[in-house]
Amino acid sequence: MLGGSMVRMDFGWNTDLDLAMLDVREQLDRLGDSLPQESDRPIVLRIDPNDKPIMIVALSRDDGGSEGLEADLSALKQLGREVVARRIEQLRDVARVIVTGGFDRQIDVRLDPAALAAHSVNLVQLESALRTANVAQPGGSIRRGPFRYSVEVTGEFETVQDIASTVVSWSGDRPIRLRDLAEVREGVDERRGLVRYDGTETLMLLVERRPDANTVRASEEVRQALLELQEDLDDIRLDVVVDESVFIEEAISGLTQAVLFGGLLALLVLLLFLRRKRALLAVGLAVPLSLGISLILFEVMDISFNLISLSGLALGVGMLVDNAIVVVENIARLREGGLSEREAGIQGASEVAGAITASTLTTVAVFLPLTLVEGLAGRLFADQSLAIVASLSASLLVGLTVVPLVAAWTSAEDQDLSEDSDSRTGGPVLRFYETLLSGALKHRLAVSVGALLFLMLGGWVGMNVNREVVPQTNQGRINVHLALPADADLELVSERTRSFEAFALDSPDFEHILSDIGERDESRLQIDPRPPYEADLLAMLSPGVDLEEAISAIQSLTTPEDVQIEVASERTQLEMLLSNEESDLFIDLLVERREDGAPVLSTALSSLEQMPELVNVRLSDDFEVPAYRLSFDRETMSRYGVSSAQLTTQLEAAASGAHATDLRSVNEEIPILLRTPRKATVEALLAEPVPTQGGLLPLSTFLKAEYVLLPASLMRGDQIPILRILADVSAQSDLDDATDAIQAQLVPALPTNVRLRVGGANEAFRNSLRAVGISFLLSILLVYLILAAQFESLVQPLVILLTVPLALSGVALILLVTGQTVNLMSLTGCVVLIGIVVNDAIVKVDFINQRRATGVKLMPAIMEAGRDRLRPIIMTTVTTAFGLLPLSLGLGPGAELRAPMAIVITGGLVAATLLTLIVVPVLYSLVVRVDA
């Protein structure tokens with residue numbers, strides 16, 4: 001921000017930020033008088049993605065106003081603050097409303113230099129007189145009999161006439177009032193920013209919700225309040241430009257539909273496999289019962305409905321029926337073998353109880369570490385992990401209690417939907433599998449080599465898949481950022497912006513465009529600073545318009561040479577959390593002295609611009625602000641009795657107005673500014689006469705001006721000067737390739753006193769990757785311990801865990817085929833796979849062990865387990881895959897974030913299942929003697 005500084009402090013994940021804020025405020029209070037007297041009190045803000053406005057409203061008049069632009073917008077801003085904002089802020093879920101744009105009121109005291117000289121009054125005297133007269137303070141108390149009365153001294157200005165009547169000096173017995181020296185009138189400030197909506201200047205209201213409020217509910221309240229205000233204020237318009245709840249509602253609605261549609265598809269798959277009506281009923285009951293118990297657990301574990309938790313529930317839908325399928329299929333097999341209802345129900349459930357409990361516990365063991373991982377990944381996906389844990393725990397409870405009762409309760413009327421026994425037992429598919437498995441057991445070495453080659457292929461493909469932090473999400477909005485030279489005034493920035501507005505308004509691809517031009521209002525500078533030579537445009541796409549095509553259309557526009565343009569889609573809160581920088585990468589040159597890095601900076605910038613891995617390479621602060629440095633001639637000032645305060649006030653009054661005091665009312669404080677006739681050049685400014693002991697002398701007598709170029713901003717990190725270059729990763733490259741190329745290009749060319757640091761989205765990606773990796777290793781360890789306890793073996797769990805790398809190889813291939821990238825969502829899907837892909841292998845190995853325990857030889861036991869477990873394994877895989885199909889298709893708002901995880905799980909599960917049917921039995925036969 002201009003004329004200010006911003007310090008960002010990062011704390012550890014377990015830090016209590018409320019206590020940290022109190023500590024920071026305490027340390028700032030201890031600074032006391034060490035801060036400059038002209039500076040405001042430091043403001044401590046807590047950076048929270050939830051502080052992003054949930055709604056942007058454009059406030060304008062229907063008739064466009066009739067009193068002139070300044071008066072209309074000034075009155076409209078007062079109405080916006082005192083009526084509209086206050087009404088909205090009364091809502092329960094709204095924290096505050098920021099009104100920006102338009103003009104702010106002020107009192108202009110236009111001084112007459114001749115009158116000042118004639119009465120020998122200088123600006124310091126005027127300033128002091130106004131401040132002294134504009135006071136209100138307690139005056140103690142007096143007693144009158146038994147009563148005590150408070151005394152208040154009040155002399156605050158109430159009207160412009162009060163200001164004009166202020167006595168500033170005396171000429172003998174005659175008072176000299178301010179109106180004798182100046183014209184006092186109401187006016188508006190000299191603004192440095194403005195807002196336009198669809199090409200018409202307007203006001204912008206930013207509505208922020210309370211931290212604990214529901215965004216959808218808060219938006220509904222605000223919309224209702226806006227309708228009421230619209231009815232009461234006939235001559236104004238309140239247009240909702242951005243409403244974050246729309247995207248959230250559509251995304252959650254799409255996710256809910258995916259959950260229901262996925263469950264329906266899973267049941268349809270079961271209809272094809274389970275021909276018994278009672279068995280189908282048993283599995284069908286498991287889904288709603290499990291969902292109902294899951295929702296109860298949501299309340300117990302304090303899980304809210306959001307995109308993350310509902311994604312977890314959607315992932316669990318396909319797995320909800322897995323336990324029920326295994327139980328039902330085993331009971332059906334025993335009933336076909338001649339056992340009674342009771343015997344089949346008890347024995348069928350008990351035979352697989354250990355296996356499905358172990359498989360559920362392994363899945364739970366995968367997700368619980370995600371809630372304990374340090375960092376952003378663990379915090380983000382805690383709800384998702386707990387949602388899956390709740391749904392799977394519920395499915396285990398239902399699978400061991402309700403499902404056996406319904407599945408075993410058969411009667412004569414409960415016949416197969418198909419009388420074809422061969423189709424029920426698998427028919428040609430089963431015979432083909434038995435032949436394939438028998439051949440694999442005879443050629444175990446070849447199968448093992450083939451599995452190893454598949455792992456190597458998957459590893460090679462995985463190393464070459466593109467990487468990003470999170471997938472780009474289409475919210476139907478495009479951000480366009482314009483930057484002009486630092487000496488550009490507001491009129492020039494506004495003119496350059498109009499060409500983009502005209503393009504958007506003429507194009508059918510865009511519905512509306514909101515332009516935020518120049519420096520932000522003071523109320524927004526604290527949280528979102530921007531210099532006066534920049535502008536941000538928010539373009540709303542028409543329904544059905546392709547995001548990439550709209551971005552390309554804007555980028556293809558011919559722009560003036562003095563305009564730098566950046567075009568990007570609107571980022572989600574998740575993207576802002578993972579990468580709060582304005583670009584994919586930042587390249588920092590760390591130096592002990594800033595001037596040491598200046599020669600290297602231009603060379604580094606040129607080298608980076610030539611790299612094909614990068615686009616949009618630019619300096620973070622590539623502007624130098626032109627300025628005049630004025631220095632005092634203190635000897636001359638002393639000779640003529642002129643103080644530095646007098647000269648500074650004179651300069652300020654001629655340049656922008658000297659702030660003397662405020663006209664306070666109930667609702668606002670209107671600044672009172674002392675102004676002398678505006679000077680167009682620095683030469684005219686220095687020619688301004690100033691009263692001295694020797695008469696009127698020009699300011700140039702005491703001041704010398706030097707033209708200089710100052711940096712727009714200075715950046716330090718850990719008290720070390722930083723020169724920052726920003727860059728985005730090209731579409732043909734990824735984060736790792738770009739980072740490696742930067743390191744290889746710049747490090748050898750840097751002098752010893754300059755260090756290189758690459759961060760941004762790459763840093764966020766690596767941190768996320770590290771967190772997920774830790775969770776991955778911990779999950780594998782927990783799964784191994786559970787399996788070792790289940791099978792009372794240290795070797796057999798290794799056979800089961802081999803399905804994990806086989807699944808990851810399938811993941812790499814499915815990512816390549818579908819054009820997806822390695823990102824945080826797909827990495828989370830890989831962690832999910834650990835708990836899922838081992839389930840079928842657990843059931844199979846457990847069944848082999850049971851057969852061997854009854855005295856069956858190794859090879860017959862493997863063949864029998866393969867034959868009896870084929871149908872439930874295929875059923876669980878297909879139901880899970882079809883349950884995730886709606887998510888994998890990536891339909892609806894926010895689907896870009898959900899699809900990678902579903903695609904990864906589906907692809908990995910299918911690959912692991914196909915290999916589990918062959919590779920796991922072969923490896924089991926190889927290691928069983930070692931285990932013995």
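Me: By class, how many nonpolar, polar and charged residues does the lining of the largest cavity have?

Reply: This is a predicted model, in which local features need pLDDT of at least 70 and side-chain atom pairs count only at pLDDT 80 or more, whereas totals for chains, interfaces and linings use all residues. Residues are numbered from 1 along each chain as its sequence is written, and side-chain values use heavy atoms, without hydrogens and water. A cavity is a set of points, on a 1 Å grid over the protein atoms alone, where a 1.4 Å probe fits but cannot get out, and lining residues have an atom within 4 Å of a point. With Ala, Val, Leu, Ile, Met, Phe, Trp, Tyr, Cys and Pro counted as nonpolar, Asp, Glu, Lys and Arg as charged, and the others, Gly among them, as polar, the lining of the largest cavity has nine nonpolar, nine polar and three charged residues.

Me: Which element supplies the largest share of the lining of the largest cavity?

Reply: Asp322, Asn323, Ser359, Asn839 and Thr876 are the closest to its centre among 21 lining residues. Helices (H or I DSSP runs of at least four residues, numbered from the N terminus) α11, α12, α14, α30 and α31 each supply at least two lining residues. The largest share, six residues, comes from α31.

Me: Which strand gives the most to the lining of the second largest pocket?

Reply: The second largest pocket (an open set with protein on both sides within 12 Å along at least five of seven lines) holds about 580 Å³ of space. Of its 22 lining residues, Val246, Gln475, Gly476, Arg477 and Leu541 are the closest to the centre. At least two lining residues come from each of β12, α8, β14 and β15, strands being E runs of at least two residues. With four residues, the element that gives the most is β12.

Me: How is α4 oriented relative to α24, roughly parallel or roughly perpendicular?

Reply: The axes of α4 (residues 123–133) and α24 (residues 644–655) come within 8 Å and cross at roughly 85 degrees. Angles under 35 degrees count as roughly parallel, over 145 as roughly antiparallel, 65 to 115 as roughly perpendicular and the rest as oblique. Therefore α4 is, relative to α24, roughly perpendicular.

Me: Which residue of β21 is the bridge partner of Asp662?

Reply: An open sheet with mixed pairing has the order β8-β3-β21-β20. Strands β20 and β21 run antiparallel and are joined by six bridges. In β21, the bridge partner of Asp662 is Pro671.

Methods
Axes are lines fitted to C-alpha atoms, for helices over the stretch in contact, and angles run from 0 to 180 degrees between N-to-C directions. Grid points are joined across faces, edges and corners, and a volume is the space filled by probe spheres set on the points. Two strands pair if DSSP finds at least two bridges between them.
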